[in-house]
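Here are a few friendly notes to read with the model open beside you. Take them one point at a time.

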Amino acid sequence: MPKKRKSKRIRLVGMGASPGLAQGPARILVSRQQHVPRRTVSLQEVGAEIRRFRTALRRARAEIREMRERLGRGVEDPGDQILASHQMILQDRELNREIVLAIKRERMDAAYVVRRALLAKARYFESLPSEFFRSRAADIEDVERRLLSHLLGTGPATVAQVPAGSVVVASEIPPSETAALDRERVAALVTEHGTLTSHVTIMARSRGVPAVIGLGEAVKEIPEEETLLVDGERGLVIVAPNESDLRHYREREASEARVATLIAGSEQLPGEMRDGVRVELLANVERPEDASPALAAGAEGIGLFRTEFFFMDATRFPPEDAQRAAYEEVARAFAGRPVVIRTMDLGGDKYAALMGVPHEANPFLGLRGIRFCLAHPELFLVQLRAILRAAQQGNVRILLPMVSQLGELRAARDWIDQAAEHLRREGVAVPTSVAVGVMIETPSAVLMSDVLAREVDFFSIGSNDLIQYSLAVDRGNERIAELYDALDPAVLRAIDLTVRNAQASEIPVASCGEMSGELPGLLLLIGLGVRQLSVAPLLVPRVKGLLRRLPGARLTDLAQACLQAGDRREVWERVRQGLSEFPELHFEQRDGRWICQWRPPAGGGGER
Amino acid sequence: MYEARVEVRNDPGIHARPAAILVQTASRFSSEIHVATEALEVNAKSIMGVMMLAAETGTLLTIRAQGSDERAAVEALVRLIEARFEIEA
């Protein structure tokens with residue numbers, strides 16, 4: 001039973017790492033920071049220290065072997081693979097020899113030598129530029145903790161020991177612990193650190209455990225056994241929820257179950273509204289391996305293949321062949337359906353180390369997007385060549401990020417022509433023409449969209465940046481984040497102008513920002529004439545299922561009314577009124593903001 | 001002594017699982033086997049060493065072996081790396 005202690009309601013926002021809703025008492029896992037004193041031993045004790053080390057090694061190995069047997073998940077399971085790799089580290093003769101030698105030569109306490117040797121390795125991995133290799137540091141530290149617990153005779157607190165239904169709260173979850181994750185024991189995970197590529201994220205997703213990571217110091221405010229509400233999709237954690245939170249949670253949980261039933265099977269159906277208005281549902285992907293889950297989720301194409309992942313993980317610029325292979329994988333998976341590849345949207349201080357970008361006072365207004373591509377033609381050309389070669393394998397289109405003037409589009413087109421020309425001269429087959437589009441995400445691109453539309457094959461509205469640049473609001477800035485709203489009439493007018501100019505030139509407009517997957521934003525996009533929505537693969541079935549239950553024609557009038565509103569409050573009012581005839585769309589105010597959710601009624605029949 | 005060079009082809013490189021496969025393969029031979037990048041040379045039978053290479057896609061590796069089965073060992077590892085770790089070596 002949770003202790004009846006009156007704590008203050010706290011709302012924490014982190015990264016949604018694994019979707020799902022959960023409620024449960026907090027169990028805080030303390031990562032054991034054992035103090036290991038530097039202690040020299042006498043010559044006579046050296047032998048005993050070495051034996052102590054070997055015994056600890058044997059026990060640690062046996063412990064992992066038992067864990068693997070108990071979990072019985074087989075070698076294809078990612079959790080089992082983590083444990084197997086730790087077992088191998090404990091069997092590493094070279095490493096063991098290094099430790100034994102140090103004990104002998106320096107006459108040093110075994111625990112101290114183990115800590116020093118393994119932490120030095122962990123620091124080495126942390127210093128690597130590639131995130132894949134950097135994350136090995138967590139494995140080494142995990143092995144170190146396990147060995148020390150045997151050397152010092154202390155058992156670590158583990159995920160496997162928390163009572164069923166707990167929300168596990170930790171600074172971070174050691175990799176071997178993630179193997180023991182299962183939905184019955186662990187209702188949700190909440191961590192201070194972690195990235196979307198860390199073990200904990202991957203394992204939480206594969207086991208269906210909701211997770212919010214990267215909450216920072218804020219996790220320290222969570223009292224043991226306090227009730228937590230976790231929303232793994234929105235990255236939200238509510239500590240000591242009040243009655244209204246709990247009611248909201250129960251309602252959402254029930255409606256999520258109904259949504260799941262309603263959308264089951266929608267994967268095979270086309271994106272179409274109740275009155276026949278066709279809205280194509282596309283997926284945003286970040287890595288080639290996202291393609292098949294997107295296809296399985298019912299995506300009718302790839303609306304946005306971000307290519308930055310190459311640069312996040314790499315120590316140097318990814319070679320043409322590696323890029324081509326990745327693009328081809330996606331193009332082939334979607335066999336003839338559109339695959340829009342966005343050229344590298346780099347810039348800002350994030351990539352400074354890799355690309356040698358000088359520090360900028362204002363990175364969002366700096367050398368990023370197409371500006372970066374054009375400033376680095378040697379990199380841009382390699383990427384274009386890879387895309388053009390992949391275009392032989394499917395319906396590949398090129399999307400240029402953050403174009404803010406016509407000259408950039410023309411310069412990029414010249415590079416594309418040049419890349420194609422070079423390839424042909426080398427005897428490499430490339431399609432006679434590849435569709436080229438621009439992201440509409442700056443006010444200047446919106447204002448010049450009539451001119452741009454005459455020289456491109458399609459537009460893609462990047463709502464996240466468009467909102468930020470149009471409203472001059474950095475949504476990461478807590479003090480003004482409230483001003484960031486897709487429903488601001490200025491944003492709607494920018495989208496309206498873009499769509500009308502696209503229609504005049506008869507080119508399609510897609511939308512690929514968060515607005516395309518969020519209510520009520522996506523309905524206004526449709527009302528304004530957008531007919532392609534590109535969303536995270538996870539959201540494809542949901543958005544498709546929702547659209548199949550709503551009529552599209554009505555949204556035009558609603559969007560027109562919203563364009564005439566004076567501010568976002570008025571837009572929200574009109575949206576609530578306009579959509580009030582659809583009881584499935586639920587509006588309520590939470591934490592000072594209106595939100596809109598799809599809540600199909602209990603016992604509501606299937607579609608049509 | 002026998003040696004050969006080979007380029008890492010699998011994506012994103014020799015991280016945890018491929019490293020384990022490489023070490024298991026190397027351990028089947030009696031020769032001393034080393035793998036080197038431009039920056040680092042490690043024992044091919046040590047998982048820690050192989051992970052520390054941090055060999056990404058496109059990295060050029062030199063594999064050296066010394067012993068009775070040196071040639072077979074180097075060839076097996078080259079085949080494995082060329083096949084992106086997708087074969088039983």
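This is a predicted model: local features need pLDDT of at least 70, side-chain atom pairs count only at pLDDT 80 or more; totals for chains, interfaces and linings use all residues.

1. Residues are numbered from 1 along each chain as its sequence is written, while chains are lettered from A and ligands numbered from 1 in the order in which they are written.

2. Look at helix α19 (463-471) of chain A, where 7 of the 9 residues are buried (20 or more other C-beta atoms, placed from the backbone, within 10 Å of a residue's own). Among them are Leu466(A), Ile467(A) and Tyr469(A). Helices here are DSSP runs of H or I with at least four residues, and strands are E runs of at least two, numbered from the N terminus. The partners that the buried residues of α19(A) pack against include β13 (436-440) and α20 (489-504) of chain A. Just after α19(A), Ala472(A) has a positive phi of about 55°.

3. Next, find Pro537(A) in the loop between β16 (532-535) and α22 (540-547) of chain A. Pro537(A) counts as buried because 20 other C-beta atoms lie within 10 Å. Beyond its neighbours within four places in sequence, its contacts (C-beta atoms, placed from the backbone, within 7 Å) include Ala283(A), Val285(A) and Pro293(A). Ala291(A) is 246 residues from Pro537(A) in sequence, yet their C-alpha atoms are 8.8 Å apart.

4. Finally, 21 residues of chain A are in contact with 19 residues of chain B. On the chain A side, α2(A) gives the most, with 5 residues.

Note on methods
A residue is buried if 20 or more other C-beta atoms lie within 10 Å of its own, exposed if 12 or fewer, and partly exposed in between; C-beta atoms are placed from the backbone. Two residues are in contact if their C-beta atoms, placed from the backbone, lie within 7 Å.
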